Amino acid sequence: MQRARRLASVVVVASLGVAGLSACRSESSVAAYVGGSGRITTDRVDAVYNEVRDQLQASPPDAQAPDGQPVDGQPTPASSGPVTMPITRADVVSLLLGGGIVDKLAAAQGVAAPTEQDLQEAQLASALKLPANSEYAQLYAVWLFKVDALRAKVTTPGNPTDADLQELHDGLVAIQQYDPSTPFSKFKTDLAASANMSVVRQAAAVRDEIVKAGSQSDIRINPRYQPTKLPLLVTQDQRNGMIVPLITVPIGPQDQAAPVTDAR
């Protein structure tokens, strides 16, 4: 349990059994705009994504130790075919955008920069089936750390929506930690009566902060990279150790009909 807590921003115990703007021209080389001048290029996204792909190609997960590093003293066979990617390019855009948002929120609330021990990157990477030294794993670890720190600073709990609770319910059912035959209304009643509800309400408050900050940042996302979302609450599947998102937050507007445009 202690190891799982270090890996996850929050472990919700299973005891209950996220409009395009008018502009002058499209930029196919831009994955997202932030405000009037900030941008995330497709090259930036590809660099993060391809690093994971290339490292997995060179050292498949089966040839790695539990900490995500190659097994000492053993050959590291390269994969003979395409690797199964544990992430998408939309995931990369989500982290690049979301990381900028939580950086500002965390700085405004006096959250200290995380140490290497705080992040536990190798263990987290293993739980995500990622190379431990990949930039994506590092970005993900920092995201979880800062979301956890923001949640700890919540003074006015938020109000989770039914969509939040449904996502939580479905996540627990997926990892066999809640009976799928139990009505959703009963799940909500059980949750409301448990200590976990305070954690969920803290997460809802952080979700509201992130959504508000994202809307103020004037984010426009290329439809190719939508939907963009990140986890607020996660747990580990006790069957395989994988990280499982329980409640997520949308990063930026989710308007798949709106092109990314250069507002110049």
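Predicted model: local features only at pLDDT ≥ 70, side-chain atom pairs only at ≥ 80, totals over all residues.
The axes of α3 and α9 (residues 196-216) cross at roughly 110° and come within 10 Å, so the two helices are roughly perpendicular to each other. As for handedness, the crossing of α3 and α9 is right-handed.

Spanning residues 89-108, α3 has 20 residues. From first C-alpha to last, α3 reaches 29 Å, close to the 28 Å expected at 1.5 Å a residue. After α3 comes Gly 110, a residue with a positive phi, near 70°.

Helix α6 (135-152) is another packing partner of α3. Here the axes are 9 Å apart and the helices pack at an angle of about 40°, which makes α3 oblique to α6. The crossing of α3 and α6 is left-handed, whereas that of α3 and α9 is right-handed.

Helices α3 and α6 also meet at the largest pocket. This pocket has a volume of about 390 Å³. Two or more lining residues come from each of α3, α6, β5 (229-236) and β6 (243-250), so helices and strands both take part in the lining. In total the pocket is lined by 17 residues. Nearest its centre lie Pro 86, Asp 91, Tyr 136, Tyr 140 and Pro 245. By side-chain class, the lining of the largest pocket splits into 13 nonpolar residues, two polar ones and two charged ones. Tyr and Pro both count as nonpolar in that tally, and Asp counts as charged.

Away from the pocket description, the backbone has a couple of spots worth a look on the screen. Pro 227 sits in the loop between β4 (219-221) and β5, and β5 is one of the elements that give two or more residues to the pocket lining. The other spot is Gln 120, a residue other than glycine with a positive phi, near 50°. Gln 120 is found in the loop between α4 (116-119) and α5 (121-128).

Technical notes. Residues numbered from 1 in each chain as written. Heavy atoms only, no water. Helix = DSSP H or I, 4+ residues; strand = E, 2+ residues; numbered from the N terminus. Expected span 1.5 Å × (residues − 1). 1 Å grid on protein atoms, 1.4 Å probe; cavity = no way out; pocket = protein on both sides within 12 Å on 5 of 7 lines; lining within 4 Å. Points joined across faces, edges and corners; volume = space filled by probe spheres on them. Axes fitted to C-alpha atoms, helices over the stretch in contact; angles between N-to-C directions. Parallel < 35°, antiparallel > 145°, perpendicular 65-115°, else oblique. Left-handed = near helix turned anticlockwise from the far one by under 90°.
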